[in-house]
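Here is a short tour of one structure, written to be read with the model open beside you.

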Amino acid sequence: MKKLSSKGQALVIFVIFVPVIIMVGTLIIDVGFARYNSNNLNDITKLVIRYGLKNIDSDPYNKMVDLLYQNDSDIDNYSIEIDVENKTIKMSVDKATKGFFGSIVGKEIYKEKSSYIGYIKDEKYIIEKDDLK
């Protein structure tokens with residue numbers, strides 16, 4: 001009786017697991033890209049609020065919108081509420097980004113939202129995350 005060779009087993013396992021490894025890698029890259037975009041959106045929102053607080057006495061709304069779109073032209077929706085009397089600015093920004101892996105599994109758009117409130121207290125600019133979305 002001849003003994004069977006086991007040389008082809010590794011090839012079969014390799015062929016089965018290569019697509020799984022590629023999909024996991026793509027998912028990691030997609031989630032990382034979405035997280036990067038979310039952090040970038042938070043930074044832009046804080047930058048715009050800081051600018052608004054520095055210029056709150058000169059009606060900064062239009063310049064804040066210009067600054068927002070200069071830093072990211074793909075903003076879908078934004079809301080800016082300026083209270084000059086209390087020296088507060090509340091801002092929320094929404095953006096949707098497409099992902100590669102999401103198009104394979106049916107969730108092709110990642111939606112990021114950034115919401116912050118800024119105010120002046122004791123001559124300091126304070127910017128905090130607004131959890132009351």
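## Around D72

In this predicted model, a polar atom of the D72 side chain lies 3.1 Å from the backbone nitrogen of D74. The D72 side chain also makes a polar contact with the side chain of K95, at 2.7 Å.

You will find D72 in the loop between α2 (61-71) and β1 (77-83). D72 has a relative accessible area of 9%, so it counts as buried, the cut-off being under 20%. Apart from neighbours within four places in sequence, D72 is in contact with I44 and K95.

## The sheet

Now to the strands. Four of them form an open, antiparallel sheet in the order β1-β2-β3-β4. The edge strands are β1 and β4 (124-129), each pairing on one side only. From one strand to the next, the twist averages 15°.

Strands β2 (residues 88-98) and β3 (residues 109-121) run antiparallel and are joined by 11 bridges. Along this pairing, K90 stands opposite I117 in β3.

## The helices across it

Helix α1 (residues 9-54) lies across β2, β3 and β4, and runs at about 25° to β3. Helix α2 lies across β1 and β2, running at about 150° to β1.

## An aromatic pair

How many aromatic pairs are there? The count comes to 1. The ring centres of Y69 and Y78 are 5.9 Å apart and the planes stand at 80°, so this pair is edge-to-face. Y69 counts as partly exposed, at 32% relative accessibility, and Y78 also counts as partly exposed, at 26%.

Definitions and conventions:
Residues numbered from 1 in each chain as written. Predicted model: local features only at pLDDT ≥ 70, side-chain atom pairs only at ≥ 80, totals over all residues. Heavy atoms only, no water. Phe/Tyr/Trp six-rings, centres within 6.5 Å; stacked < 30°, edge-to-face > 60°. Buried < 20%, exposed > 50% of the residue type's maximum accessible area, 1.4 Å probe, protein only. Helix = DSSP H or I, 4+ residues; strand = E, 2+ residues; numbered from the N terminus. Polar contact = N/O pair within 3.5 Å; in protein donor to acceptor, adjacent residues only side chain to side chain. Contact = heavy atoms within 4.5 Å. Pairing = 2+ DSSP bridges. Axes fitted to C-alpha atoms, helices over the stretch in contact; angles between N-to-C directions.
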